[in-house]
Amino acid sequence: MPDSLGEVQEDMMQRGGCLCGAVRFETTSVLRDVIFCHCSQCRRQTGLYYAATSVPRSSLRIMGDTLRWYHASDVARRGFCGTCGSALFWERLEGDTVSVLAGAFDDPSVLRPGYHIFTRGRAEFYRIADDLPCYADRAPDPSKDP
Ligand SMILES: [Zn+2]
Ligand SMILES: [Zn+2]
């Protein structure tokens with residue numbers, strides 16, 4: 001039944017994009033639980049903290065020529081829209097996954113919360129008020145940050 005199979009795949013497709021709409025992305029991957037990163041780099045880029053899921057790079061299709069990458073460190077780069085400034089992606093240079101900002105999804109309700117990392121870097125004007133696990137630095141599985 002090719003028709004119904006096509007429908008199932010369409011249902012699994014998750015889409016999102018930046019504030020102005022110039023950068024769009026889509027993936028059919030299972031979405032990792034959202035990790036909240038409170039490090040100083042994420043604070044400066046977002047104004048507060050990072051909340052991102054992650055997908056295999058091969059499963060993510062990105063469209064839009066305003067996407068820019070900023071190499072915030074020797075090991076990772078951060079993707080954002082050069083027109084509206086929306087933070088969108090984080091990826092380790094030598095990795096095979098891409099973190100995708102939770103708030104960039106058209107339907108963020110499909111996402112589930114995971115845990116907090118780099119809470120040592122949290123700005124003091126806000127509290128972490130949920131009961132998710134917190135790690136002062138990176139998570140025990142370093143492949144999962146952020
Ligand atoms: Zn934009
Ligand atoms: Zn961070």
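Phe-118 counts as buried because 25 C-beta neighbours lie inside 10 Å. A residue is buried if 20 or more other C-beta atoms lie within 10 Å of its own, exposed if 12 or fewer, and partly exposed in between, with C-beta atoms placed from the backbone. Phe-118 is found in the segment after β10 (113-117). Its phi is positive, about 50°, although Phe-118 is not a glycine.

This is a predicted model, in which local features need pLDDT of at least 70, side-chain atom pairs count only at pLDDT 80 or more, and totals for chains, interfaces and linings use all residues. Residues are numbered from 1 along each chain as its sequence is written, while chains are lettered from A and ligands numbered from 1 in the order in which they are written.

**The chain**

- The chain holds two helices and 10 strands. Helices (H or I, at least four residues) and strands (E, at least two) are DSSP runs, numbered from the N terminus.
- From the N terminus on, the elements run α-β-β-β-α-β-β-β-β-β-β-β.
- Of the 146 residues, 28% count as buried.
- Take the contacts between residues at least 6 apart in sequence: 52% of them join residues at least 24 apart. Two residues are in contact if their C-beta atoms, placed from the backbone, lie within 7 Å.

**The sheet**

- Seven strands form an open sheet with mixed pairing, in the order β6-β7-β8-β9-β4-β3-β10. Two strands pair if DSSP finds at least two bridges between them.
- β6 (67-70) and β10 stand at the edges with a single partner strand each, so one side of each has no neighbour in the sheet.
- β4 and β9 pair in the antiparallel sense over five bridges.
- Val-55 stands opposite Val-98 in β9.

**The core**

- The largest nonpolar core has 26 residues. Such a core is a set of buried Ala, Val, Leu, Ile, Met, Phe, Trp, Tyr and Cys residues joined through C-beta atoms within 7 Å.
- Cys-37, Ala-51, Ala-52, Leu-88, Val-100 and Leu-101 have the most contacts inside this core.
- β3 (34-37), β4 (50-56), β7 (76-81), β8 (87-92) and β9 (97-101) are the elements that give two or more residues to the core.

**Phe-25**

- Phe-25 lies in strand β2 (residues 24-27).
- Phe-25 counts as buried because it has 23 C-beta neighbours inside 10 Å.
- Leaving out residues up to four places away in sequence, Phe-25 touches Arg-15, Gly-16, Gly-17, Leu-60, Arg-61, Ile-62 and Val-100.
- Phe-25 and Arg-61 are 36 residues apart in sequence, but 5.5 Å apart in space, C-alpha to C-alpha.
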